[in-house]
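Please read the points with the sequence and the model at hand.

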Amino acid sequence: MSTASVSFRPGAVLADLLPASRVRDIALVAGGAALTGMAAQIAVPVPGSPVPVTGQTFAALLVGTAFGARRGFLSLALYALVGMAGVPWFANGTSGAGGASFGYVLGMLLAATVVGALARRGADRSVLRTAGAMVLGSALIYAVGVPYLALSTGMSFGAAVAAGLTPFLIGDALKAALAMGLLPATWKLLGRA
């Protein structure tokens, strides 16, 4: 009787468990961009804000964590570049680089890279470490998105915080809770395979 198990080398992220090849990496990068674009279409308007609640931030953080810093960055860079080129896959089917919420897209590039680097250090293996990575990733998205919102709309920084951060905190907490359950559980499940 033999039991199969997945060998987890130090510094591995979930995507590393797939057989290594350039084709795998290209497919992951394109798939991560597409997932983010599809998640951006789950958009709920927020009264008084030009920024909707979307699934895009969750997808960006999940892509970064599951793929690692390099592939996470490339996925979000592809998402941003293709959207800037005119593919309508930003929130609410928009495209281009000038909308009030484009700063959040730029923040997602940074966040996917950072949470990917943290995942390589095991931040996706336990509930608490995953929570920390998701909170940091969300904070980075806001650190770029809120000032961009203020500059692009002429809002004061306080008004941009009220319109582009405060209404989203509960949703971000729910997204972090989902990731806190999903990522460590996936590692445990694969460890028992």
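1. Basis. The model is predicted, so that local features need pLDDT of at least 70 and side-chain atom pairs count only at pLDDT 80 or more, while totals for chains, interfaces and linings use all residues. Residues are numbered from 1 along each chain as its sequence is written, and side-chain values use heavy atoms, with hydrogens and water left out.

2. Geometry of H4 and H5. Helix H4 (residues 102–119) and helix H5 (residues 127–153) have axes that come within 7 Å and cross at roughly 155°. Axes are lines fitted to C-alpha atoms, for helices over the stretch in contact, and angles run from 0 to 180 degrees between N-to-C directions. H4 and H5 are therefore roughly antiparallel (an angle over 145 degrees). Their crossing is right-handed (the near helix is turned clockwise from the far one by less than a right angle). Helices are DSSP runs of H or I with at least four residues, and strands are runs of E with at least two, numbered from the N terminus.

3. Contact of H4 with H5. Residues of H4, including Phe102, Leu106, Leu110 and Val114, meet residues of H5, among them Leu136, Leu140, Val144 and Tyr148 (contact means heavy atoms within 4.5 Å). The contact comprises 18 nonpolar, four polar and no charged residues. Ala, Val, Leu, Ile, Met, Phe, Trp, Tyr, Cys and Pro count as nonpolar, Asp, Glu, Lys and Arg as charged, and the others, Gly among them, as polar.

4. Largest pocket. Its volume is about 390 Å³ (the space filled by probe spheres set on grid points, which are joined across faces, edges and corners). On a 1 Å grid over the protein atoms alone, a pocket is an open set with protein on both sides within 12 Å along at least five of seven lines; a cavity is a set of points where a 1.4 Å probe fits but cannot get out; lining residues have an atom within 4 Å of a point. Of the 29 lining residues, Val51, Pro52, Gln56, Ala91 and Ser101 are the closest to the centre. H4 gives the most to this lining, with four residues.

5. Second largest pocket. Its volume is about 160 Å³. H5 contributes the most to the lining, with five residues; the lining includes Met134, Ser138 and Asp172.

6. Cavity. Which residues line the largest cavity? They are Thr57, Phe58, Leu61, Met134, Ser138, Asp172, Lys175 and Ala176. The largest cavity has a volume of about 40 Å³, and its lining divides into four nonpolar, two polar and two charged residues.

How values were computed:
Angles under 35 degrees count as roughly parallel, over 145 as roughly antiparallel, 65 to 115 as roughly perpendicular and the rest as oblique.
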